Amino acid sequence: MMRRRAVATRLIECLRNNFIYGSYLSKDEIAFSDPTPDGKLFATHYFGTSQFLVYNFVCGTRSIQPKTDSV
């Protein structure tokens, strides 16, 4: 019922504005941790591409999400 109300977008914008005092994070500085299929769909829509950062917990680095046609 609450989907498609821009709640996730507003949360990300709040994070970008308040994560570091006096600074605004760019979209390049945001990474997702193991996104669900719905999370991948949101990230693809938010960033305008299926190429977004995903945090890799195994080695502690960020990596580019592989491009897939089935998002």
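## Salt bridge, surface patch and core

Helix α1 spans residues 7-18 and holds both Arg16 and Glu13, three residues apart, about one turn of the helix. This is a predicted model. The side chains of these two residues, Arg16 and Glu13, form a salt bridge, with an N to O distance of 3.1 Å. The structure has one salt bridge. Side chains of opposite charge can pair when their charged atoms come close.

How exposed are the residues named here? Arg16 has a relative accessible area of 8%. That value is under 20%, so Arg16 counts as buried. Glu13 is partly exposed. Ile20 is partly exposed too.

| Residue | Relative accessible area | Class |
|---|---|---|
| Arg16 | 8% | buried |
| Glu13 | 27% | partly exposed |
| Ile20 | 40% | partly exposed |

Ile20 sits in the loop between α1 and β1 (31-33). Together with Leu15 and Phe19, Ile20 makes a nonpolar patch on the surface. The accessible area of this patch is about 290 Å².

The largest nonpolar core contains 10 residues: Ile12, Leu25, Ile30, Phe32, Phe42, Ala43, Tyr46, Phe47, Phe52 and Val54. Which helix gives the most to this core? Helix α2 (residues 37-47) does, with four residues.

Ala43 is one of the core residues. Which residues does Ala43 contact, leaving aside neighbours within four places in sequence? The contacts are Phe32, Gly48, Thr49 and Phe52. Phe32 and Phe52 are listed in the core as well.

Technical notes:
Residues are numbered from 1 along each chain as its sequence is written. This is a predicted model: local features need pLDDT of at least 70, side-chain atom pairs count only at pLDDT 80 or more; totals for chains, interfaces and linings use all residues. Side-chain values use heavy atoms; hydrogens and water are left out. A salt bridge is a side-chain nitrogen of Lys or Arg within 4 Å of a carboxyl oxygen of Asp or Glu. Helices (H or I, at least four residues) and strands (E, at least two) are DSSP runs, numbered from the N terminus. Buried means under 20% relative accessible area, exposed over 50%, partly exposed in between (1.4 Å probe, protein chains only). Patches are made of residues with over 30% relative accessible area and no salt bridge: like charges are joined within 9 Å, nonpolar side chains (Val, Leu, Ile, Met, Phe, Trp, Tyr) within 5 Å. Accessible areas come from the Shrake-Rupley method with a 1.4 Å probe; for residues, only the protein chains shown count as cover. A nonpolar core is a set of buried Ala, Val, Leu, Ile, Met, Phe, Trp, Tyr and Cys residues joined through side-chain atoms within 4.5 Å. Contact means heavy atoms within 4.5 Å.
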